[in-house]
Amino acid sequence: MTDNSVTDAAELRAALAVVRERGVAVEHRESNPDVSCVAAPVRDRSGRVVAALSISVPMIRWSEEREEELARLAADGADTLSGRLGHHRGQA
């Protein structure tokens, strides 16, 4: 989609490992050269991922500090929504 899009399988596996460790996904201008995004999983009562909550931001408003803030907001929002679906923190 853009020059920043992940197109290599090994690179994708490495990126997914970081997502699993961090608990949120971050993409930097992969689908739109002017936008970056953070996303967190939404889980149902069984712990299965059923959706994601994402926040997209124009690059003009993006920074490393802002990324951390947005990642926390996405994770907190996804946790709240997951709780409404019956998921309890600490569940797989």
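Reader: Hi! Quick one to start: which helix does E67 lie in?

Author: Hello! E67 lies in helix α2. Bear in mind that this is a predicted model.

Reader: Let's look at the whole helix. How many residues does α2 have, and how far does it reach?

Author: Helix α2 runs over residues 64-84, which is 21 residues. From first C-alpha to last it reaches 30 Å, close to the 30 Å expected at 1.5 Å a residue.

Reader: Which residues of α2 are buried?

Author: Those are E67, L70, A71, A74, A78 and S82. They cover an arc of only 105 degrees around the axis, so they sit on the same side of α2.

Reader: Why would residues three or four places apart point the same way?

Author: An α-helix has 3.6 residues a turn, so residues with that spacing point the same way.

Reader: Nice. Which residues are exposed on the other side of α2?

Author: There you find E65, R72 and R84, which are exposed.

Reader: What takes a positive phi just after α2?

Author: That is G86, with a phi of about 95 degrees.

Reader: Switching to the strands, what is the order in the sheet?

Author: The order is β1-β2-β3 in an open sheet of 3 strands, and the pairing is antiparallel. β1 and β3 stand at the edges with a single partner strand each, so one side of each has no neighbour in the sheet. On average, neighbouring strands are turned by 20 degrees against each other, direction ignored.

Reader: How many bridges are there between β1 and β2?

Author: There are 4 bridges, in the antiparallel sense. As an example to look up, H28 has S36 in β2 as its bridge partner. Helix α2 packs on this sheet and touches β1, β2 and β3, with its direction at about 25 degrees to that of β2.

Reader: And how many bridges join β2 to β3?

Author: That antiparallel pair is joined by 9 bridges. P41 stands opposite A52 in β3. The two strands β2 and β3 form a hairpin with 5 residues between them, and G47 in the turn has a positive phi of about 95 degrees.

Reader: What does W62 touch, not counting residues up to four places away in sequence?

Author: W62 touches V26, H28, S36, C37, V38, V57, E67 and L70.

Reader: Last topic: which residues make up the largest nonpolar core?

Author: There are 10 in all: V24, V38, A40, V42, V57, W62, L70, A71, A74 and A78. Both β2 and α2 supply at least two residues of this core, and the largest share, 4 residues, comes from α2.

Reader: How far apart are W62 and V24?

Author: They are 38 residues apart in sequence and 16 Å apart in space, C-alpha to C-alpha.

Reader: And what does A71 touch, not counting residues up to four places away in sequence?

Author: A71 touches R22, V24 and V38.

Methods: Residues are numbered from 1 along each chain as its sequence is written. This is a predicted model: local features need pLDDT of at least 70, side-chain atom pairs count only at pLDDT 80 or more; totals for chains, interfaces and linings use all residues. Side-chain values use heavy atoms; hydrogens and water are left out. The expected span of a helix is 1.5 Å times one less than its number of residues. Buried means under 20% relative accessible area, exposed over 50%, partly exposed in between (1.4 Å probe, protein chains only). The arc is that of the directions from the helix axis to the C-beta atoms. Contact means heavy atoms within 4.5 Å. Two strands pair if DSSP finds at least two bridges between them. Axes are lines fitted to C-alpha atoms, for helices over the stretch in contact, and angles run from 0 to 180 degrees between N-to-C directions. A nonpolar core is a set of buried Ala, Val, Leu, Ile, Met, Phe, Trp, Tyr and Cys residues joined through side-chain atoms within 4.5 Å.
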